[in-house]
Amino acid sequence: MKKLMLVLPLRVLAGVETTVKKEEMAGLNYGPKPTRWREEIKSYLDIRLANPKEATVEYRSEPKQLYQRDTVLRDSQYGWATCVWVNEKKDGKFAGPYPMTFFMRDDKIVAVNGGPDESSFVASRYAREQCAQLTP
C-alpha cells in the first residue's frame, strides 16, 4: 500500500502542465528590471546555507520576465527570474550542484524554487525546467 501511495503522486507530478500561454501573462506588472539581484540572492543564501563562504554559486542567467502557472502543487508566481546553481559542502565535500530559480519584483525576492528551504522533487523539477527556459 505504501508503494502505491508513493507511485500515485509521482504520476500526478509527471502530468503537471507548466507551459504558459500568452493570455495568462497579459496584464501582469513585472516592474523594472532588478538592479541589485545578485546582492539579494547572496543575502538570501547567506542565511540559509550551512557554510555560505565555502559554497559555489553560479549565476547562469540575467533576470528575465517569467510566469509560473498555478498548479495543484504550486501557486502562480511572476517576476524577473534568474537561474542559479549552488554547490555546497556537506561533511567537508561538495555535494553536487543543484538549481534554484529566484523570482523578483521591486528588487526583492518574492518566490524561490529549489534550494535549502525546499529540497523536494517538485521544487527541483520546477527549478530545472525554469533554468532551461532562462539560460541561452
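1. Which residues does Thr101 touch, not counting residues up to four places away in sequence? With contact taken as heavy atoms within 4.5 Å, Thr101 touches Ala81, Thr82, Ala111, Val112, Asn113, Tyr126, Ala127, Gln130, Cys131 and Leu134. This is a predicted model, in which local features need pLDDT of at least 70 and side-chain atom pairs count only at pLDDT 80 or more, while totals for chains, interfaces and linings use all residues. Residues are numbered from 1 along each chain as its sequence is written, and side-chain values use heavy atoms, with hydrogens and water left out.

2. The chain has four helices and seven strands, in the order α-α-α-β-β-β-β-β-β-β-α from the N terminus on; helices (H or I, at least four residues) and strands (E, at least two) are DSSP runs, numbered from the N terminus. Of the contacts between residues at least 6 apart in sequence, 60% join residues at least 24 apart.

3. Buried residues make up 35% of the 136 residues in the chain, where buried means under 20% relative accessible area, exposed over 50% and partly exposed in between (1.4 Å probe, protein chains only).

4. Thr101 is found in strand β6 (residues 98–105) and counts as buried, at 0% relative accessibility. Its side chain makes a polar contact with the side chain of Gln130 (3.3 Å), and a polar atom of the Thr101 side chain lies 3.5 Å from the backbone oxygen of Ala127. A polar contact is a pair of N or O atoms within 3.5 Å; within protein, one must be able to donate a hydrogen and the other to accept it, and residues adjacent in sequence count only if both atoms are side-chain atoms.

5. The structure holds one disulfide (a pair of cysteine sulfur atoms within 2.5 Å), which joins Cys83 to Cys131 with an S to S distance of 2.1 Å. Because Cys83 lies in strand β3 and Cys131 in helix α4 (residues 121–134), the pair ties together parts that are 48 residues apart in sequence. Cys83 is buried at 0% relative accessibility, and Cys131 is buried with a relative accessible area of 4%.

6. A nonpolar core is a set of buried Ala, Val, Leu, Ile, Met, Phe, Trp, Tyr and Cys residues joined through side-chain atoms within 4.5 Å. The largest has 13 residues, of which Ile41, Tyr44, Leu45, Leu49, Val86, Met100 and Phe102 touch the most other members; α3 (37–46), β3 (77–87) and β6 each supply at least two residues of this core. A second, separate core of eight residues includes Ala81, Cys83, Trp85 and Phe103.
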